[in-house]
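Dear colleague,

I am passing a structure on to you, together with some notes on what came out of it. Please look through the sequence and the model first, and then read on.

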Amino acid sequence: MRRYSVFSLAREALRHHTGWERAWRSPDPKPGYEVVIVGAGGHGLATAYYLAKNHGVRNVAVLEKGWLGGGNTGRNTTIIRSNYLQPPSAAIFEKARALYETLSQDLNFNVMFSPRGVLMLAQTEHELRAWKRTWYANRLAGIETEMVTPARIREIVPAINLAGPRYPVLGGLWQAPGGTARHDAVAWGYARAASDMGVDIIQNCEVTGIDRDPEGVTGVRTTKGEIACRKLCIVVAGSSGVLAEMAGFRLPIESLALQALVSEPVKPAIDCVIMANTVHGYLSQSDKGEMVIGGGTDGFNNYTQRGSFHHVEETLRALIETFPMLSRLKMLRQWGGIVDMTGDRSPIIGTTPVPGIFVNCGWGTGGFKAIPGSGWACAEMVAKGTPGDLAGPFGLDRFTEGRMIDESVAAAVAH
Ligand SMILES: Cc1cc2nc3c(=O)[nH]c(=O)nc-3n(C[C@H](O)[C@H](O)[C@H](O)COP(=O)(O)OP(=O)(O)OC[C@H]3O[C@@H](n4cnc5c(N)ncnc54)[C@H](O)[C@@H]3O)c2cc1C
């Protein structure tokens, strides 16, 4: 595949952009592969990429029932941060954040990583104490965060109202190297680079069954026929429980719709990411000028990819006190994604009761930021057959051993 560069851009500009080749191949599935990955979201594609790049495993297929990046990866609010409380989470999220810094160069695809800073507001005394605790934990883990006063917050976000009657801003946790990236570009960049190394990405190919013999997995049944494999990695976010059932085991996952919305575009007003956990909303401004606003999950399990109207109202009602400017904006679009929630709000990356089947799921409302680190760790596990240091603590066994990695406090929003 030809590399993108300033020269290729200039050449194509002169040729009216008629000479670009397709970014990735769309092959028919082969009868079998060394590794089959189900789900062409960011995590599945990153796993395929690092399998090929770090471990030389290129006989890999990524099967996607829709179009690549059409799941949560293309539906999220793109916040990237690593200010997590527990050491295993800090390690994998910081690995991911660090990889994001050079991801565009690594993939030769502009993922528009924008380290504009992430500010998590403390709007109750309890929250202030919780963020201080996280800050201390971050310092021990070598993660760059700082506690900031209301005066400093006013400098960072002049548009904020600090003195709300219900939710006064008492302080915040600021991670300057956090930020955002373009979600589609992350999926497209990994897909293009993986395809270039020989990985087959097969879209419109739904996995409908999983076959096994006494030694383990033998292959999958799909809408494009049967595909044999001795290693199968399930990376399907909100559909994880469905795929696990096909394989004959259960996962401690609940699937819920999480939604987001954008306003009409306005001139630059907010140049960092702000998360208001107490009022249950978070926002940043896109390059086009839209306010990108995230809300909460539905209060009941479901598999819809759309939002409920009451969340829009609740999220905006809560945010308007802290950001009165939002009351003047029209909201343009809302959408939802099916998020896969675990009890301790930490992911599952591990082996399963079926030999040869691995899972990477449970990223819930916060897995976009983790894509590079998750793919790195998952690829190592699939290549070697056993999790390495990054993935090790996130195995399924933690639920039977009671070894939870409780990140509910560090979750983006209060669920
Ligand atoms: C509204 C919203 C806001 C969010 N905001 C943030 C944020 O700001 N920051 C952050 O870090 N995270 C955020 N997240 C979470 C983040 O989007 C996810 O954790 C992450 O994208 C999960 O990626 P994935 O690759 O695991 O799953 P997905 O991108 O959902 O990919 C899974 C793929 O599997 C496919 N699939 C399912 N079943 C089958 C089958 N049977 N056969 C073949 N393919 C199948 C699906 O079609 C899908 O494409 C948000 C999520 C939502 C919904």
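**The chain as a whole**

A compact globule of 415 residues would have a radius of gyration near 22 Å, and the protein chain agrees with this at 21 Å; the radius is taken over C-alpha atoms, and the globule rule is 2.2 Å times the number of residues to the power 0.38. Please bear in mind that this is a predicted model, in which local features need pLDDT of at least 70 and side-chain atom pairs count only at pLDDT 80 or more, while totals for chains, interfaces and linings use all residues. Residues are numbered from 1 along each chain as its sequence is written, and side-chain values use heavy atoms, with hydrogens and water left out.

The C-alpha trace spans about 65 × 60 × 40 Å along its principal axes, and the chain has 11 helices and 19 strands (DSSP runs numbered from the N terminus, H or I of at least four residues for helices and E of at least two for strands). Of the 415 residues, 58% count as buried, where buried means under 20% relative accessible area, exposed over 50%, and partly exposed in between, with a 1.4 Å probe and protein chains only. Among contacts with a separation of 6 or more, 75% come from residues 24 or more positions apart, a contact being heavy atoms within 4.5 Å.

**Aromatic rings**

Rings of Phe, Tyr and Trp (its six-membered ring) pair if their centres lie within 6.5 Å, and planes under 30 degrees apart count as stacked, over 60 as edge-to-face and the rest as tilted. By this rule there are 11 aromatic pairs. One of them is the tilted pair of tyrosine 4 and phenylalanine 109, with 6.1 Å centre to centre and 50 degrees between the planes. Tyrosine 4 lies in the segment before helix H1 (6-14) and phenylalanine 109 in the loop between helix H4 (103-107) and strand S4 (118-122), so this pair ties together parts that are 105 residues apart in sequence. Tyrosine 4 is partly exposed at 30% relative accessible area, whereas phenylalanine 109 is buried at 15%.

Tyrosine 50 and tyrosine 190 form an edge-to-face pair, 5.8 Å centre to centre with 70 degrees between the planes. This pair joins helix H2 (residues 42-55), which holds tyrosine 50, to helix H7 (residues 183-196), which holds tyrosine 190, across 140 residues. Tyrosine 50 is buried at 0% relative accessibility, and tyrosine 190 is buried with a relative accessible area of 0%. Ring pairs link Tyr49, Tyr50, Tyr190 and Trp376 into a cluster.

Two rings also carry a charge over the face, which requires NZ of Lys or CZ of Arg within 6 Å of the ring centre and within 35 degrees of the ring normal. Lysine 95 lies over tryptophan 376, at 3.8 Å from the ring centre, and the charged end of arginine 192 sits over tyrosine 4, 3.6 Å from its ring centre.

Alanine 257, in strand S13 (residues 254-263), is buried with a relative accessible area of 3%. Beyond its neighbours within four places in sequence, alanine 257 has contacts including Gly296, Asn302 and Gly337.

In helix H10 (residues 371-384), 11 of the 14 residues are buried, so the helix is largely enclosed by the rest of the structure. Just after H10, glycine 385 takes a positive phi of about 90 degrees.

With best wishes
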